[in-house]
Each structure stands twice: as structure tokens, then as C-alpha cells.
Amino acid sequence: MKTKKKMKKRTRRIIEICLLVVILGYLVLFLVDYGRYKNSDKPLIVINVKEKKYDDGFVKEYFSLGWVYREYRRETITDNEIAPFWSKIKYDKDLIRENEDNLPEIEEYEIPSNPDKLAKFKDVLYFYEEEELLGTYKCLNSEQDCSVAHNVALEYDKNRYEDNAMSIIDKRYVFIDDYRSKDTPVEEAIVYLLDFKAQRIIAAYEGVRYTTLRDELGYIDNSKYIVKKNGKWGIDQVILGKVTNKIPFIYDYIRYDDNTKLYILKKDNEWYTLNIETNEYSSPFLKQITATYKYDDQYVIGVNTTNKDTLKTNYELYNLAGEKIINKDNIDYLNIYPNYIVYTNNLELHIINYTGDELITPIKVYFNNYEERINNLKTFYIEEEDDEIKITIPQSNTRERMQNEYFFNPDTWEKTKEHLNVFETS
């Protein structure tokens, strides 16, 4: 009998010791994981991993023995935590953004049935991506004076920008013109940026301009867009519903050049270009920048002015530092090719690279005519092939004429051959 009691007592003690060891081991493991959490490290033992995606990011959960380590990677919250496995994710149903103050709230409204998928029905705008309804909007400032925002054309556009509607952005955002007192002397057009997913207005402006026009719709530069506030233009950016300012609202004019991805800006009667990715500005120019060009890492700025009386254009080319690339006056013609520049001056044809170096010995031309019409030849013709560039120079502006032909290696611009005084009939 005594032996059995001793056995039971010994067994109970062994169980108690084992439980104590387990508890101590569990506590040590937790303390180790807590230390790892303090160093932003994951648990030592991970049983399961889950990731929950949100409108503004994600939360990743690493489940261990009774606790969970969470990485919050959201705009609403950026943090790490260690917590019991049954605890809930923080801000699970919240979306906190630090956008503008005093923006109007969108109240609940009845969405009328719209079987014909009209862009506007009654006082509600409908936004579709093919057959998918992305969102709706009810006019806030009037009964029905709201629409998709239209591009603002400015004085210096020279008919480059038209009154086109802005496109839907990333199936998520749209600019809306919402009027107060439309067609009256106190008319006010407010441009709202609407976030479909958050179902709220996230910014307000006085105007918006597109960067690229496709299919008669205005598109923005990825997440960046040109907008007006307090009478001046700047550039904002929207990412996951959060609006930030990229370029301050201090400019009288901003335009995007899709060829080079440079912005052209005017401020205090000076003109600049801006590479928004590198935040690199050009030197200031007193004359309007009319075009920009790029080959490899070389940028060229065009400052071209046309005499209203003679209709003759004065061509000037500069680099970003404001240094002239062509130091000649009275340029009759200038054209920019992908990897070289062509101009004529004093009846000579010049071909230079983007830094202004002559690539060929100037070639004599015989007349100035740079638009081809019926029975009317051009001053020169350039034909590019894979392994050769041919330059043809007519000696007269007639169908039957003599002409000179020059052939160049496109890589080295070495002249490979020439045919002079060739008789041609066209």
C-alpha cells in the first residue's frame, strides 16, 4: 500500500516538474519572441502566416505558440505588434488619411436605375469601365450642374490643349466639375477628386490639366497630375487614396511633354523644365520653351519664336544649363530626329548630335523649301535604312533636275559614297 502511495506521489511530482518545465520553456520562448519583436524580428517558431490586404496596404500575421506577431504596412498605421492570437487587427475597418480639411462629405443618396448605362441620369453621374460600374456621384453644389472635369486650356498652349474630358484614373479616381451658380456672374467651378473605393472626396481644386491625350480623353502622368489652387498651378500626387503635393502651387503655367517626360513651367516671366523623377530643373529662360527633346541622357530645349509679320520662325536650341547648342543666326529650317539634329543655314545642310557637335561636313543646298507639294520638291530628303542613311539634294525645284546623293554609315556618320549630278525625273 505504501509502495503505491509513493508511486503516485512520485508520478505527481514528475508531472508537476514537467508542467513547470513546459511553463518555464513557454515563458522563455515568449520572452525570446518579445525581444525579437522589439528588434522588429519575426517569432522564433512560426506555425502559420497570413496576409490581409486593405485599400491602403496590408497587414501580415505570423502565428506562434499562443501569440501572433503582426506587421502593419498601411497608410492608416505603420507598426509592429505582438499580441494574443485571439486579439483583433488594429484599425481593421478604419481608413485614416491626412488629406485636406473642410472637404464636403458625400451623404447617402438613392442611385436611380440606369439600364441604358448613361453617363448622367437625373442628377447622378455614372462611371463605367466597359460593363463594370465603378462608382457614382451626385451633384453637391447644385441640383444637376456637375460633370466629369474638363481640361483647362491656357494662353501659351497654342491650340495644343483642347477642352477634353479627363479620364477615370486606375479604375478608382475621377475629377469632377461641380458648379455653384452656373451661368451667372458669380459662377464658381470647383474640381473635386473623387475616390470610388473610399466613397469620398479627397481633394478640391480650381482646375485640372491632362498630361497626355488619348482617344479624346485626358490622362495624367501615372499618379501625378497638374492642378490649380489659389490662382496658381502645381502638381499633386495620389497613391492609395492619399494626396500629397509634389510641386508647390506657385506657377503661372505647367505643361507636360510626353516625348521627354519633362514638365515645362513658367513663373515670374521665366521658363523652366523639370524632371520630376530627379527633381532637376533647367536654367531659367526669358523666352517661352516651346519643345523638349531627348536622346539617351541628353536633353535639348527648343525656344522657337515666329515673326507675325514675316511668318519666319527663329529657331534656338539649348541644353538644360541654358547653353546654346547651335551658335548661328538665321536658321531657315530645323528638325529633331531620334539621335541627331538637322538644320539649314546660309544654304548649307548641317547634321549635329545633341551636344552640338557636327557629325558631317556641311552639304550645299540650292533653295529653301521645306514642305513638299505637287510639283514642288523639298530642299533635301533623308532616307534611313538599317545600315545606311541617304541624303538627297535636288539642284532645282523641278520634276526634271540634277541632284546629288550622299550615303553615310548611321553609326559613325562616315561618308561611304556619293553620286553627284545625277539626272532624275519624278
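Phe127 stands opposite Gly135 in β7. The model is predicted: local features need pLDDT of at least 70 and side-chain atom pairs pLDDT 80 or more, while totals for chains, interfaces and linings use all residues. Residues are numbered from 1 along each chain as its sequence is written, and side-chain values use heavy atoms, with hydrogens and water left out.

Strand β7 covers residues 132–138 and pairs with β6 in the antiparallel sense over six bridges. Two strands pair if DSSP finds at least two bridges between them. Strands here are DSSP runs of E with at least two residues; helices are runs of H or I with at least four; both are numbered from the N terminus. Glu129 has Glu132 in β7 as its bridge partner. Two residues separate β6 from β7 in a hairpin. In the turn, Glu130 has a positive phi of about 55 degrees.

The strand order β5-β6-β7 makes an open sheet of three strands, with antiparallel pairing. Its edge strands are β5 (120–121) and β7, each pairing on one side only. In a regular strand the side chains alternate between the two faces of the sheet.

## Aromatic pairs

Rings of Phe, Tyr and Trp (its six-membered ring) pair if their centres lie within 6.5 Å; planes under 30 degrees apart are stacked, over 60 edge-to-face, and the rest tilted. The count by this rule is 22 aromatic pairs. In one of them, the rings of Phe127 and Phe196 have centres 5.3 Å apart and planes at 40 degrees, so the pair is tilted. This pair links distant parts of the chain, 69 residues apart. Phe127 is in strand β6 (residues 124–129), and Phe196 is in the loop between β11 (188–195) and β12 (200–205). Buried means under 20% relative accessible area, exposed over 50%, and partly exposed in between, with a 1.4 Å probe and protein chains only. Phe127 is buried at 4%. Phe196 is buried at 5%.

Tyr333 and Phe380 form an edge-to-face pair, 5.5 Å centre to centre with 75 degrees between the planes. Tyr333 lies in strand β28 (residues 331–336), while Phe380 lies in the loop between β31 (363–364) and β32 (381–385), so the pair ties together parts 47 residues apart in sequence. Tyr333 is buried, with a relative accessible area of 14%. Phe380 is buried as well, at 4%.

One aromatic cluster is formed by Phe30, Tyr34, Tyr37, Tyr62, Trp67 and Tyr69.

Lysine charges also meet tyrosine rings. A charge sits over a ring if NZ of Lys or CZ of Arg is within 6 Å of the ring centre and within 35 degrees of the ring normal. The charged end of Lys90 is over the ring of Tyr72, 5.5 Å from its centre. For Lys182 over the ring of Tyr179, the distance to the centre is 4.6 Å.

## Positive phi in loops

Most residues other than glycine have a negative phi, and most peptide bonds are trans. Asp183 has a positive phi, near 65 degrees. Asp183 is placed in the loop between β10 (173–180) and β11. Its relative accessible area is 68%, so Asp183 is exposed.

Lys261 is not a glycine, yet its phi is positive, about 65 degrees. The loop between β19 (253–257) and β20 (262–267) holds Lys261. Lys261 is partly exposed, at 46% relative accessible area.

## The disulfide

The structure holds one disulfide, defined as a pair of cysteine sulfur atoms within 2.5 Å. It joins Cys139 to Cys146, S to S 2.0 Å. The link of Cys139 and Cys146 is left-handed, with -70 degrees about the S-S bond. Both Cys139 and Cys146 are buried.

## The whole chain

The secondary structure comes to one helix and 35 strands. The C-alpha trace spans about 130 × 65 × 45 Å along its principal axes. The radius of gyration is 34 Å, whereas a compact globule of 426 residues would have one near 22 Å. The radius is taken over C-alpha atoms, and the globule rule is 2.2 Å times the number of residues to the power 0.38.

Buried residues make up 41% of the 426 residues. Contact means heavy atoms within 4.5 Å. Of contacts between residues at least 6 apart in sequence, 36% join residues at least 24 apart.
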